[in-house]
Each structure stands twice: as C-alpha cells, then as structure tokens.
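Dear colleague,

I am passing on to you the structure we spoke of, with the sequence alongside. Please look it over first, and then read the notes that follow.

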Amino acid sequence: MTIWPPLLHPNLTGRHILAAGLILFLLLLTSRSEALVKPREILLGIEPEHNIFTQMENYRKLAGYLTGKTGIPVRPTVMSRYGEVLQRFKELHLDGALLSSYTATMALDALGMTPVARPVNLAGEAASYGLIFTRKDSGIRQLRDMRGKSFAFVDPATAEGYLFPLLYLRQNGIRNPLAYIGRNFFTGSHDSAISAVLDGRADLGAAKEAVYARQLAKDPALAKELVILARSGPLPPATLFLSNSLAPELRLGLTTALLEMAANPEGREVLRNIGALHFTRADKKDYDQVRKMAAEAGVNRDQGPAQ
Amino acid sequence: MTDIRRYLPIPLLVLLAWLWLPSPAPAKTIIGVIMPSTTPYAEEVQRVFKETLKAEGQNADMEVVVLHPFPDSIALGNSTRKLVAIGAELLVTYGTNATIAALNEQTKLPLIYSGVYDPENAPFARLDLTGCGYKVPLTSLIRYLRQLKPINTVSAIYCSLENDTVRQVNELTEITREQRIALIPINIKADDELDFTQMNKGDAVIITGGSIVNLRLPEILAMAQTHQQPSITILPDANEAGVTISLYSNPKEQSRKTAQMAAQVLAGREIREIKPETLRNNELVFNLRAAKSIGVKIPFQLVAEAGRVIK
C-alpha cells in the first residue's frame, strides 16, 4: 500500500494510520466530554433590577464566592432588559440566571431551566412585593384618582412592576386597566420607575418593594415625597435558575455553595451585600401563582396585555 | 286729521330706513393677555393659546390682545388698566407677578392665570381664582446634581422681582438645609451688572424658572462654563442654550389648558366653577455635549431616564 506523503516512514501502513486516527478521535471525545462536565466558566445572567453598576458589583462578589467554592470561574453578565433571558440564553449560552418571578415563568416554560435557590431577605422572608406609589402632592389617594393619570411601569416582563399594578386595577373592577389610566411607559428598571414619579415624569409608578426600601435607606428624604397606595401579595424573589445542560455535579456544587453560604463568614459578607440572610431551596411550584396572576391581570406573555 | 296725515310718512320712513340699513356689527369679545416681555417661548405659548381657543369654537368675534410689559408691578398694573380701557372681557395673566398686579387693580373682570409656579402656594392661592400652573419637584434637581458629582455648595440664580423664583429659592433653601448643602442665592435683575463673584464657590448652579433669569441665561451659562459647574434648571427646553440638565413642565400644555378655561368663561361659566390645575407631568432632558464641555460625565443609568438627550 502506498503511503502519502512519501516523506512518512516507509513501514507505516494504513492500519497504523487508522489506529492513530482512532486514538486521536478518542482523545478529542474525552476532551469534549471533559468540556461538558467542566466548562471554562459559568456564565450567569442578571436582570437590571436597579443601578446596574452597583448591582454588578454586588453580584461580582457572589460570583467570586461561587468561583471559590466550585473551582470554576463564575461570571455575571447583565441582561440589557427584563424578559431578554430567552434570547440571551440562546445567544450567549448562559449557564444560569438570577430571574425575577415573571421572567422565571418564561425560563421554566420555554427553556426547561430549573430553579435551585432563592435568597431570604433581612426580614426573614423569601418573598418579593410590588408597590404602587405616587408623589404626596399628586392628589392621588385612591383608585378613582388614578383615572387618566400617567403610569411608569418597569418592564412588561416584571411581576412587581407590571403584572401587579394591572392586576390591582382589574381586581378593583377596572376591566381595561391600560385604557383607564393615562399615558404609560416602561422605565427599564425599578429605581428608574421611582425616579420617574419623584420627578413628576409620571403620576404613578410601580416597583419592587426591596428597591423602594433601598432608595429610601439611601435618601430618607424620599419618604416625605412619596406615598404608597397599594402593596402586592408575596411573590417569588429573584431566584437562581440553572440550565439543564449544565453538568449535574456543577449544578449540585453551585446549589450547595448557595445553601451553605450563611455558615461561613465570607459567605455572610456576600449575603449582606445582596441584602439576604441566607439562600433557601426554590421550587417550580412557586411560579404557579405568577402564571395565575398574569392570567388574572389579562396579560398574555406572548401577546402582551389584553385590551 | 290733516296734520296727522301730513306727518304719517315720517315714522314710516324711519321704520323703513331702520329695516333697510345694515345692523351694526356686534362688538368683538376681547381677551386681554398680560405676558411679561421676558416670558420664555412667548410666541409659541401664544400660538397654542389662540389655536386652542379656535379649536374650542371661540373663533369669530373674538380678539386676543397681548401686552408684553416689563415684569415689574408698575408696568404690569399699567397693562391691566390698558386692557380694561379697551374693553377686555377676560384677563389672562402669565406668572405670579402679572396675576398679583391684575388683582391689585381690582377690576371686576374674570381672571385666569397661567405659567404660575406651584399655584397652590402662590400669594393668591386662597382667592377664588382659576388657571393652570405647574410644579417641578426641586428635590429632584439636587438628586440629579448629586449623581453627577459630590455637592457641598450650590448656587441658585433667581430674581427678587419675580415671586415665582423667590418661592423657588425659598424652597431650595429648605431642601438644601435638610440635606446639609450650603446654598448661595444669587439675585439678578434685568439691567444690573451681574455679580457672579459668589458663583465660583458652588459645585453646581441651579437656574430657577423665571422670565428675567431666562433673559440672562447666556451669561449665567458662560460663567458656569468658566467654573466648570454643571447647571440644572426648570426652564423649558433651555438645554439648547447649554444647560446640563432640564426638568420642566411643558409650557405649551399649560397654555392649552389655560385656553380651554378661557373658552369656558366665554361660554358663560363662572370662574369659581372651573377647577384650577397644576401640571405635574415633567420632562427630563440631558445635554451630554454641555456636560462633556465642563468635564462631567452623566452616568449611563441616568441618561436612560431622559426623555430627550442632546449629544
């Protein structure tokens, strides 16, 4: 059998080459499966809840902690807006994301992701609440005052910043909430919705209570300017979801690291930065109420609010 | 009898003449408007006022007479008397000073105010008046400045002749005191040599919303540029002039509402039956070009909140 190129050793036969090819294939296969088990990094998506710079800083600390525990670099990346999770998962191959409750229902239904852990806040609750608020001098005190008033929502993919205010209006007999209120717009983040109301760029706003409380802690004078008109029931807080394609041992490693964070001083410091006491296990069932809420609010996730 | 027959044609002729001659044109309804000469965007505001009146069906037999006095009490009072003399049936006054001056003349004409800052706290708030004013939360001005740079001292440009700006600077005094910021009020008048020596001490400049302040805007901004100070104002659309941030109530919207109220009065409604309005829907504009020129970077998350950005 003639071997080409002729520069190779004349004793090499096709069998030798076949064997070498097989070895090479096995090596590649091994390294590929190694890559599946041990990615070069774990990429976690973060939703823009408030000031993205502060948020990134806090989550970088969490990522650093998880890196130390799993031995694989964990990198947070901010998704430019709520609801972008589906697109980002596909484009950036995210391994997981900290998702707010309504986005989470999308991740569950469309991406088959699994909720693993959610933070317990400083009040001891693993819950998030939505608020409807206005300026104290706006003259708006009750539902009937909201007619024709401008409204700053956060994003169509937020429960606290969109579903809740729509549901509130519906539960109070307003069949078509968006027609009842005046001009409305989406601010993109919870603190921007608060600023919009403070500035008088909107008469009413809705946002997460945790973000509202954080703004108030930073600037206590805000308490003199704003008044809360309504508060939602408890909703799941931002929860860590992991991709089902992530290696099981890594999923376990990340989950364990989160659940055991409060047991060591380094973990407690990171928890303090994100305003949590500890993490607790999350369950898919937590999101049934969010789906129900969306249905009652007349919001179709794919088609937007029902008019 | 003969005498009667002789004089009979006279009343008949008079009657015929009365029937034949065209009836005199009905007197036009005059709306008297007092808009101080330094009112920002006066032409635009007037155009919207007239267009809205027309849209409200107040078209024929109506004349809008606009006077542009200097905003001091004497000139404003004189304007009120002139409008009364030409037979105005309704007065519309722009700003608190013009409104007070018209009230001081004690005319019995119905009066509607417009462009008044925080009318619920204006000197005439307890009177049975109506009109459309505006309110911009001045706390937001401080909040935005603090997001640009540390603020320990801030200067506030106002005009002691104008009640609207005096009330704004009083409010700012209260806010800055609570936030432990030193406030330097700088009083300017129309023809004065501007004394900006105090301005160099501030970390930023707040430009209150008054017509005389607006008149001196180019000089104020030139000084802010010299001292590399960011500026913020509640004057509308001042960003084109080089103000770093504007948070303002749309003056055209105020004018539109005022015209709607005027139309109601002309249609026979009593002033006390028309609910006064305070517009609180404000617009936020950032001037990135102006910020860059003084070495200030407006954070990305702030820019995202603006309704308009000048690059």
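To begin with chain B of this predicted model, the domain assignment divides the chain into domain 1, which is made of residues 29–134 together with 250–281, and domain 2, which is made of residues 138–248 together with 283–310. The centres of these two domains of chain B, taken over C-alpha atoms, are separated by 28 Å. Where domain 1 of chain B and domain 2 of chain B meet, the contact takes 18 residues from domain 1 and 14 residues from domain 2. On the side of domain 1 of chain B that touches domain 2, helix α5 (96–104) and strand β4 (111–117) of chain B each supply at least two residues, and α5(B) gives the most, with three residues. By residue type, that side of domain 1 of chain B divides into nine nonpolar, seven polar and two charged residues.

Chain A has also been given two domains by the assignment, with domain 1 covering 42–126 and 238–294, and domain 2 covering 130–233. Their C-alpha centres lie 26 Å apart, and 16 residues of domain 1 of chain A are in contact with 15 residues of domain 2 of chain A. The elements that give two or more residues to the domain 1 side of this contact are α4 (101–111) and α12 (288–297) of chain A, and the residues on that side divide into six nonpolar, eight polar and two charged.

As for chain A as a whole, its secondary structure comes to 12 helices and 13 strands, and buried residues make up 43% of its 307 residues. Among the contacts in chain A with a separation of 6 or more, 76% are between residues 24 or more positions apart.

One sheet of chain A deserves a description of its own. It is an open sheet of five strands with mixed pairing, in the order β7-β6-β8-β5-β9. Strands β7 (184–186) and β9 (226–231) of chain A stand at the edges and have a single partner strand each, so one side of each is left without a neighbour in the sheet. From one strand to the next, the twist averages 30 degrees. At the β7 end, strand β6 (residues 151–153) of chain A pairs with β7(A) in the parallel sense over three bridges, and in this pair A:A152 stands opposite A:F185 of β7(A).

Helix α5 (residues 159–171) of chain A lies across β5 (130–135), β6, β8 (204–208) and β9 of chain A, and runs at about 125 degrees to β8(A). Helix α7(A) lies across β5, β6, β8 and β9 of chain A, and runs at about 155 degrees to β8(A).

Elsewhere in chain A, strand β4 (residues 114–121) has two pairings that I would point out. With strand β10 (residues 239–242) of chain A, β4(A) runs antiparallel and is joined by three bridges, where A:P115 stands opposite A:F241. With strand β11 (residues 276–281) of chain A, β4(A) pairs in the antiparallel sense over five bridges, and the bridge partner of A:P119 in β11(A) is A:F279.

Between the chains, 14 residues of chain A are in contact with 15 residues of chain B. The largest share of the chain A side, four residues, comes from helix α7 (residues 190–199) of chain A, a helix that also lies across strands β5, β6, β8 and β9 of chain A. The residues of the chain A side divide into three nonpolar, seven polar and four charged.

Finally, some words on confidence. The model scores ipTM 0.75 and pTM 0.77. Chain A has a mean pLDDT of 84, with 81% of its residues reaching 70 or more, while the mean for chain B is 87, with 88% of its residues reaching 70 or more. Over residues 28–37 of chain A the pLDDT stays under 50, and the model has two contacts for this stretch beyond four places in sequence. Over residues 303–307 of chain A the pLDDT is below 50 as well, although this stretch has 10 contacts in the model beyond near neighbours in sequence. Where pLDDT is low, the predicted coordinates should not be read in detail.

With best wishes

Key. Residues are numbered from 1 along each chain as its sequence is written. Chains are lettered from A and ligands numbered from 1 in the order in which they are written. This is a predicted model: local features need pLDDT of at least 70, side-chain atom pairs count only at pLDDT 80 or more; totals for chains, interfaces and linings use all residues. Two residues are in contact if their C-beta atoms, placed from the backbone, lie within 7 Å. Ala, Val, Leu, Ile, Met, Phe, Trp, Tyr, Cys and Pro count as nonpolar, Asp, Glu, Lys and Arg as charged, and the others, Gly among them, as polar. Two strands pair if DSSP finds at least two bridges between them. Axes are lines fitted to C-alpha atoms, for helices over the stretch in contact, and angles run from 0 to 180 degrees between N-to-C directions. A residue is buried if 20 or more other C-beta atoms lie within 10 Å of its own, exposed if 12 or fewer, and partly exposed in between; C-beta atoms are placed from the backbone. Domain bounds come from an automatic or database domain assignment. pLDDT is the predictor's confidence in each residue, from 0 to 100.
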